[in-house]
Amino acid sequence: MRDLRVTFTRGGRRVHAVNGLSYDLSEGEILAIIGESGSGKTVGARTLMGLLPPSAQVSGSAMFDGTELVGMPEPTIRHWRGSEIAMVFQDPTRSLNPTMKIGTQITEAIRQHSDLDRAAARDRAVELLKLVHLPAAERRFHEYPHQLSGGMRQRVVIAIALAGEPRLLIADEATSALDVTTQAQIMSLLLELQERLGMAIILISHDLGLAASYAQNVVVMYAGRAVEYAPARQLFRDVRMPYTRALLGAIPQLERPSHGQLPVISGQPPDPAALPEGCPFRPRCDISTDKCAEAPPFLEHMPGHWWACWHGEAVHPVDPAAAPGASASPAASAGVAGEDGRS
Ligand SMILES: Nc1ncnc2c1ncn2[C@@H]1O[C@H](COP(=O)(O)OP(=O)(O)O)[C@@H](O)[C@H]1O
Ligand SMILES: [Mg+2]
């Protein structure tokens with residue numbers, strides 16, 4: 001992804017939903033995209049799926065294995081959707097058809113992506129339900145979404161997402177609506193699937209703790225922009241963007257991800273229809289200078305570590321004792337889960 005920009009026109013005003021988003025994603029990698037509500041995470045992800053409303057204007061580049069997704073015509077992107085890239089959303093209820101048995105929904109998804117006949121697709125559907133550890137998969141096959149718990153419904157949604165054997169799964173706040181225990185179980189499931197199927201995962205979250213525990217690399221978004229991007233461990237050891245530091249400041253320890261809201265930072269993120277000149281974080285930043293009236297470029301200042309701040313040198317170092325990465329060993333090297341394990 002390079003310098004992705006997405007604008008909408010709303011009430012005659014231009015809304016800069018995504019305003020400069022860049023990152024790389026390797027095969028089988030887990031990448032976390034974090035940011036406050038409204039920072040452009042979902043719009044950035046929907047671009048990859050070709051799921052933006054027609055009013056959206058998109059520029060920049062999103063290359064997937066050598067193919068440019070930005071500007072791809074709808075019939076082509078329809079093939080990609082589901083078979084190469086699939087997306088799981090926050091609310092599993094809305095992703096499922098309430099009037100259809102879950103078995104039928106998965107079977108149809110499989111048939112959309114393969115030429116299996118109905119019987120073979122049904123077998124595959126049961127297999128997928130087992131793969132996502134839906135309890136009593138054969139019996140649940142004949143049930144309707146309302147008969148399942150929220151966690152089970154999300155497992156079904158994930159099974160449907162896997163129907164086309166995608167190489168990239170985007171989980172957009174996929175666990176945010178679930179209770180903490182179920183969240184951890186769904187996260188473990190995603191990690192297991194990533195390992196077993198070799199899928200890459202983009203984990204979208206407003207929860208920095210969650211991202212830190214599971215992802216190899218983290219992109220921090222602010223007002224539609226990527227403002228810092230680094231390997232998870234590096235980010236906690238050597239944070240460079242004042243906004244990221246502010247987020248980190250209020251996380252007690254990495255070992256116990258907060259699973260809560262982002263910590264409060266005084267002031268409000270800017271209105272995407274009226275972005276300030278220069279650095280969008282400037283009005284809330286405690287180290288800004290006149291220089292910040294000019295937007296800082298998002299640059300790779302150190303290998304693998306990007307940030308958009310004129311004063312990145314000044315932000316470092318954080319207090320090592322306070323840095324959540326100090327004692328934990330998160331996913332940085334091998335995609336290892338947090339302490340809750342991955343049974
Ligand atoms: N279809 C749309 N038309 C106009 N504005 C939109 C549309 N979709 C999203 N936006 C705006 O784009 C911004 C980013 O939204 P979104 O990507 O959903 O944020 P996030 O997922 O980080 O919470 C928000 O200000 C939102 O109101
Ligand atoms: Mg969102």
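Mentor: Sorted by class, the residues lining the second largest cavity are seven nonpolar, three polar and one charged. Keep in mind that this is a predicted model.

Trainee: What volume does the second largest cavity have?

Mentor: About 50 Å³.

Trainee: Which residues line it?

Mentor: The lining of the second largest cavity includes Ala171, Glu173, Ala174, Thr175 and Ser176. Met187, Leu190, Leu203, Ile204, Ser205 and Leu210 also line that cavity.

Trainee: And which elements give two or more residues to that lining?

Mentor: Those are α8, residues 180-197, and β9, residues 200-205. The largest share comes from β9, with three residues.

Trainee: How many cavities of 30 Å³ or more are there?

Mentor: The count is two.

Trainee: So what about the largest cavity, what is its volume?

Mentor: The largest cavity has about 70 Å³. It is lined by 13 residues, and the closest to its centre are Pro242, Cys279, Cys285, Cys292 and Cys309.

Trainee: How does that lining divide by class?

Mentor: For the largest cavity, ten lining residues are nonpolar, two are polar and one is charged.

Trainee: Now ligand 1. Which residues come nearest?

Mentor: Gly38, Gly40, Lys41, Thr42 and Val43 do, out of 13 residues around ligand 1.

Trainee: Where does the largest share of that shell come from?

Mentor: From α1, which gives three residues. Both β1 (2-10) and α1 (41-49) supply at least two residues of the shell around ligand 1.

Trainee: What classes are in the shell around ligand 1?

Mentor: Five of the residues are nonpolar, five are polar and three are charged.

Trainee: Which atom of ligand 1 is 3.2 Å from the side chain of arginine 10?

Mentor: A nitrogen atom of ligand 1 is at that distance from an N or O atom in the arginine 10 side chain. On the backbone side, glycine 38 has an N or O atom 2.7 Å from an oxygen atom of ligand 1. Glycine 40 likewise has a backbone N or O atom, 3.0 Å from an oxygen atom of ligand 1.

Trainee: How much of the accessible area of ligand 1 does the protein cover?

Mentor: The protein covers 72% of the 570 Å² that ligand 1 has on its own.

Trainee: Last topic, rings. How many aromatic pairs does the structure hold?

Mentor: Five. One of them joins tyrosine 222 and tyrosine 243, with ring centres 4.5 Å apart.

Trainee: Why is that pair tilted?

Mentor: The planes of the two rings are at 50 degrees, so the pair is tilted. Planes under 30 degrees apart would count as stacked, and over 60 as edge-to-face.

Trainee: Where do the two tyrosines lie?

Mentor: Tyrosine 222 is in strand β10 (residues 217-222), while tyrosine 243 is in helix α11 (residues 242-249). The pair therefore ties together parts that are 21 residues apart in sequence.

Terms used. Residues are numbered from 1 along each chain as its sequence is written. Chains are lettered from A and ligands numbered from 1 in the order in which they are written. This is a predicted model: local features need pLDDT of at least 70, side-chain atom pairs count only at pLDDT 80 or more; totals for chains, interfaces and linings use all residues. Side-chain values use heavy atoms; hydrogens and water are left out. A residue is near a molecule or strand if one of its heavy atoms lies within 4 Å of it. A polar contact is a pair of N or O atoms within 3.5 Å; within protein, one must be able to donate a hydrogen and the other to accept it, and residues adjacent in sequence count only if both atoms are side-chain atoms. Accessible areas come from the Shrake-Rupley method with a 1.4 Å probe; for residues, only the protein chains shown count as cover. Helices (H or I, at least four residues) and strands (E, at least two) are DSSP runs, numbered from the N terminus. Ala, Val, Leu, Ile, Met, Phe, Trp, Tyr, Cys and Pro count as nonpolar, Asp, Glu, Lys and Arg as charged, and the others, Gly among them, as polar. Rings of Phe, Tyr and Trp (its six-membered ring) pair if their centres lie within 6.5 Å; planes under 30 degrees apart count as stacked, over 60 as edge-to-face and the rest as tilted. On a 1 Å grid over the protein atoms alone, a cavity is a set of points where a 1.4 Å probe fits but cannot get out, and a pocket is an open set with protein on both sides within 12 Å along at least five of seven lines; lining residues have an atom within 4 Å of a point. Grid points are joined across faces, edges and corners, and a volume is the space filled by probe spheres set on the points.
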